[in-house]
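Let's take a look at this protein together, starting with its aromatic rings and then moving on to the sheet. Here are the sequence and the structure.

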Amino acid sequence: MAERTFIIGAPIDQSRSFIWQFFAHEGWTCTPNPNGGIHLSRGKKGLSVVVGALAGRNFYLSHDVDFSTGPQGETIAVYRSSSGKAMIGGGAIGVHKSSSAHNEYANKLAQALQYQGILLGVQ
């Protein structure tokens, strides 16, 4: 499972809202998860089960962002890919697609947070 941690110089609510809007704008479906994070998905799960990685742009991807507060009040946002869910029908190719999408969007998110002037660091 790929993971990237963003340290954000903004309150959790503002950070959550910004990240939600960022991914929604990029075409992901965003839903709240029970622990206050965001569940992200795109593609078609049923099609991915049937044809696997051959689903192309419709290949189902599932990622999550969890939030906490750091020791100095900064927001810690942990962005994870759910590569196990990529195994639905894509096997190793599906895991690679999920990991590639995670890296692409982690970089795009870092750029967007940097542009807003609120990115303190990425791990």
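Which residues do ring pairs link into a cluster? They are F22, F23, W28, Y79 and Y105. Keep in mind as you browse that this is a predicted model.

## Aromatic pairs

The count of aromatic pairs comes to 5. One of them joins F22 and F23 edge-to-face, with 5.0 Å centre to centre and 85° between the planes. Both F22 and F23 are buried.

F23 also pairs with Y79: the ring centres are 5.4 Å apart and the planes meet at 50°, so this pair is tilted. It connects distant parts of the chain, since F23 belongs to helix 1 (residues 12-25) and Y79 to strand 5 (residues 75-81), 56 residues apart. F23 has 0% relative accessibility and therefore counts as buried; Y79, at 0% relative accessibility, counts as buried too.

## A charge over a ring

R16 lies over the face of F67, at 5.2 Å from the ring centre.

## The sheet and its helix

The open sheet is built from 6 strands in the order 2-3-4-5-1-6, with antiparallel pairing. Strand 2 (29-32) and strand 6 (119-122) are at the edges with a single partner strand each, so one side of each has no neighbour in the sheet. From one strand to the next, the twist averages 20°.

Strand 4 (residues 61-69) pairs with strand 5 over 7 bridges in the antiparallel sense, and here V65 stands opposite Y79 of strand 5. Helix 1 packs on the sheet, where it touches strand 1 (3-8), strand 2, strand 3 (38-42), strand 4 and strand 5. The direction of helix 1 makes about 165° with that of strand 4.

Technical notes: Residues numbered from 1 in each chain as written. Predicted model: local features only at pLDDT ≥ 70, side-chain atom pairs only at ≥ 80, totals over all residues. Heavy atoms only, no water. Phe/Tyr/Trp six-rings, centres within 6.5 Å; stacked < 30°, edge-to-face > 60°. Buried < 20%, exposed > 50% of the residue type's maximum accessible area, 1.4 Å probe, protein only. Helix = DSSP H or I, 4+ residues; strand = E, 2+ residues; numbered from the N terminus. Lys NZ or Arg CZ within 6 Å of the ring centre and 35° of its normal. Pairing = 2+ DSSP bridges. Axes fitted to C-alpha atoms, helices over the stretch in contact; angles between N-to-C directions. Contact = heavy atoms within 4.5 Å.
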